[in-house]
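Here is a friendly note to read alongside the structure. Please keep the 3D view open and find each residue as it comes up.

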Amino acid sequence: MEEIKNPEIKEARIAIIGLGYVGLPLAIEFGKKFPTIGFDINPERIDQLNEANDLTNEVSKEDLIKSDLLFSTKIESLNECNVFIITVPTPVDKKKVPNLFPIESATKAIGSVLKRNDIVIYESTVYPGLTEEICAPILEKISGLKYNLDFFCGYSPERINPGDRNHTITEIVKVTSGSTPEIAQYVDELYKTIIPAGTFMAKDIKTAEAAKVIENTQRDVNIALINELSIVFDALNLDTKHVLEAAQTKWNFLPFKPGLVGGHCIGVDPYYLTHKSVAEGYKPEMILSGRKINDDMPSFIVSKIEKLMSVRDIDITLSNILILGFTFKENCPDYRNTKVIDLYKGLTKKAANVDVYDPWPNRSQIKKDFNLNLVEVLTEDNYDGVIHAVDHSIFKELYESGIEKYCKSNYIIFDVKHSLPESMITSRL
């Protein structure tokens, strides 16, 4: 491991809790500088990593082989650690209420090994106040130690962009914070050792939490505006892409496109902020309206597909439809909160026969999670409609080789992503 020049942090012994899209890349980077243990409750995940196999594709086999990391499912393996970084998921339930079980469970586990002067840093996206209102009391109760006297907390929100090979963890400025001025400085210096892009020390933990949750809320609201405009333009018989191309000639027009909003952040984070806001007595109007618009887009697409088929004298009932793509974004296996599943369900409710083709995600896991069998081989002369739902690079070859050979003589192609040649498609979002 490289020598640390900062004497005040060189004794750090780090534990990363949760080895998914966020935790594993973080563990790899910290492992280059400090003794680091990666902890996860999923034994299959640990087995895969011990075999240098990362199913998220965020870390290469070479980097895993080269690392000095120890991967473990045993909480007692963290006894000698003094910095604990929690990167577990923070989802919402079916009613869009924050599901705090993962972060509370991880906090309880760390509380059982917490010692005097230890620091617990959270990277999971939460609402402002959660670290100190929910997590710190749990740590106190389990450990018997006193917050900001015996142990300390920090918050440094994750900014991982799955599948992005340009904006990697070391290339994105890291927001940091701590529960005291001294701990804030410590946390900031700790992250500076692995983030060449630099850090930004927030005023306090609550400010850092708020900064994170509004990053994706802002994007969500902007996409919702464009999605609503696409619905308006559809009613006016206008092509949304043509309108946006004209509008974008103004220097300060924001270049958002309509689409399906899923993933681990944009479709989830706003609900954490609105949950806390409502608890404090204010019901946010714009944020919740934007969420509703984005959540309803699969239904709008289904209705548009049905109308397009009707114009072509195709009865959607018992039609064969191919959806290209299942993940929530292009060129990665991540399908968390994908809205393609809502599109699939909406079409099957119309009694259509729907195939979903996507080589990226784990097929057996999709079957387990959704009872959906992704097709492996496309059948020629089979489809009445094709929906381009995810912009995987691999699909470019499919279109170039002739997507029409998989379609019947009368068919439609609908472009959700605004990425196909106009001459190829019937319509787009």
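1. We begin with a term. A cavity is a set of grid points where a 1.4 Å probe fits but cannot get out, and its volume is the space filled by probe spheres set on those points. Rolling a probe the size of a water molecule over the atoms shows where empty space is left. The model you are looking at is predicted.

2. With that term in hand, look at the second largest cavity, which holds about 60 Å³ of space. Its lining includes Val-22, Leu-26, Glu-123 and Glu-158, together with Arg-159 and Ile-160. By class, this lining has 5 nonpolar and 4 charged residues, with no polar ones.

3. How many cavities of 30 Å³ or more does a search of the whole structure find? There are 2. The largest cavity contains about 90 Å³ of space. Among the residues that line it are Leu-260, Gly-262, Phe-328, Lys-329 and Lys-417. Its lining divides into 6 nonpolar, 3 polar and 3 charged residues.

4. Now for an open space. The second largest pocket has a volume of about 930 Å³. It is lined by 30 residues, and those nearest its centre are Asn-161, Arg-219, Ile-223, Ile-266 and Lys-329.

5. Next, please trace the open sheet. Its 5 strands pair in parallel, in the order S10-S9-S11-S12-S13. Strands S10 (353-357) and S13 (427-428) are the edge strands, each pairing on one side only. Strands of a sheet pair through backbone hydrogen bonds, either parallel or antiparallel.

6. Strand S9 (residues 320-324) deserves a careful look. It pairs with S11 (residues 383-388) over 4 bridges, and there Ile-321 stands opposite Gly-385. With S10, strand S9 pairs over 5 bridges, and Leu-324 has Tyr-357 as its bridge partner.

7. Why is S9 largely enclosed by the rest of the structure? The reason is that 5 of its 5 residues are buried. In a regular strand the side chains alternate between the two faces of the sheet. Here, Asn-320, Leu-322 and Leu-324 are buried on one side of S9, and Ile-321 and Ile-323 are buried on the other, so both faces are covered.

8. Helix H12 (residues 340-349) lies across S9, S10 and S11. Relative to S9, helix H12 runs at about 175°.

Note on methods:
Residues are numbered from 1 along each chain as its sequence is written. This is a predicted model: local features need pLDDT of at least 70, side-chain atom pairs count only at pLDDT 80 or more; totals for chains, interfaces and linings use all residues. Side-chain values use heavy atoms; hydrogens and water are left out. On a 1 Å grid over the protein atoms alone, a cavity is a set of points where a 1.4 Å probe fits but cannot get out, and a pocket is an open set with protein on both sides within 12 Å along at least five of seven lines; lining residues have an atom within 4 Å of a point. Two strands pair if DSSP finds at least two bridges between them. Helices (H or I, at least four residues) and strands (E, at least two) are DSSP runs, numbered from the N terminus. Contact means heavy atoms within 4.5 Å. Axes are lines fitted to C-alpha atoms, for helices over the stretch in contact, and angles run from 0 to 180 degrees between N-to-C directions. Buried means under 20% relative accessible area, exposed over 50%, partly exposed in between (1.4 Å probe, protein chains only). Ala, Val, Leu, Ile, Met, Phe, Trp, Tyr, Cys and Pro count as nonpolar, Asp, Glu, Lys and Arg as charged, and the others, Gly among them, as polar.
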